Structure formats: C-alpha cells, structure tokens
Amino acid sequence: MAFTADDRTEITELISMHGHLCDSGELDRLEELFTPDVVYDVTDFGQEPLLGVAACAAAARAVGELNPVGHHVTNIVLTEAAGDRVHARSKGLGVNADGTVGSVTYEDTVVRTPRGWRISHRTVHAHRTPLGGRL
C-alpha cells in the first residue's frame, strides 16, 4: 500500500499526541499510540527497555512527580520503509516543574495496524552535549 499524504498527517498527529496524553495523565490511553507489544527503549537513561503498553504506563506512574510537566515534540521527519512501516525521527523537549528543560531525539518504527498507525518501537536518545558531542 502506498504511503500517502493522509498517512503522513496521521503519523505526525500520532507522534504529537504522546505529549498530550502523558502531560494530562491519560496513561490508560497509550494503546492509542503504541502497539500492545511496543518496545520503548530508554537504555540511554540507564533503564532497561520497557516492553508493552502496560509497562510504559507503569514506568510513568512510578516516576510520579519527577515526570516532565510538558512533553513537546518537533522536527518530525518520516521515511517510508517496506511493508506498511515508517521510520519517524523527531526532537523532544521535556519541561520539568522546576523550569529545567531536557532534549531528546525519538527514533520510532511506526506500523499500519487495523486500528490505524501505531508506534511499535521507540528509542529515546538523550542530548547531553552540543553538536552531538562532535566538538
């Protein structure tokens, strides 16, 4: 099936919805974003990858008050892959309650499902040095 402008719009909105659901505490709706068996790779933060939607919601609840108050996604770039798969790369800003901000890159595999596009794999890369550490 061809990758259309409508697909591009739906995937962009899917990625954008992550921040809205997390920031409003609607973690029971994460199945609207992710496949049931999603791999959410946070190894760059010293954690084991989260396996499944329930694990993602439980991890966010465990972090509690230390969660960012605002997740902002920008610079979404989509590349069609084979077999109803799309690679998505985006930038994320997390605004904390104390006003500090962190920056990440999301590397997503997005797949077409009977319920629409869903993220099946996400790797989160933290930014800790300017220019990608290539100074």
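In the predicted model, arginine 8 is placed in helix H1, which spans residues 5-23. Arginine 8 is partly exposed, its relative accessible area being 38%. Apart from neighbours within four places in sequence, the residues in contact with arginine 8 are Phe3 and Leu78. The C-alpha atom of arginine 8 is separated by 20 Å from that of valine 38, a residue 30 positions apart from it along the chain.

Side chains of opposite charge can pair when their charged atoms come close. The count of salt bridges in the model comes to 8. One of these joins aspartate 28 and arginine 61, with 2.8 Å between the closest N and O atoms. Aspartate 28 lies in the loop between H1 and strand E1 (34-41), whereas arginine 61 belongs to helix H2 (residues 53-63), so the pair ties together parts that are 33 residues apart in sequence. Aspartate 28 is exposed, at 60% relative accessible area, while arginine 61 is partly exposed, at 46%.

A salt bridge is also formed by arginine 29 and glutamate 32, whose closest N and O atoms are 2.8 Å apart. Arginine 29 is partly exposed, with a relative accessible area of 30%, and glutamate 32 likewise counts as partly exposed at 30%.

Aspartate 108 pairs with arginine 122 in a salt bridge in which the closest N and O atoms are 2.7 Å apart. This pair links distant parts of the chain, 14 residues apart: aspartate 108 is in strand E5 (residues 101-113) and arginine 122 in strand E6 (residues 116-126). Both aspartate 108 and arginine 122 are buried.

Terms used:
Residues are numbered from 1 along each chain as its sequence is written. This is a predicted model: local features need pLDDT of at least 70, side-chain atom pairs count only at pLDDT 80 or more; totals for chains, interfaces and linings use all residues. Side-chain values use heavy atoms; hydrogens and water are left out. Helices (H or I, at least four residues) and strands (E, at least two) are DSSP runs, numbered from the N terminus. Buried means under 20% relative accessible area, exposed over 50%, partly exposed in between (1.4 Å probe, protein chains only). Contact means heavy atoms within 4.5 Å. A salt bridge is a side-chain nitrogen of Lys or Arg within 4 Å of a carboxyl oxygen of Asp or Glu.
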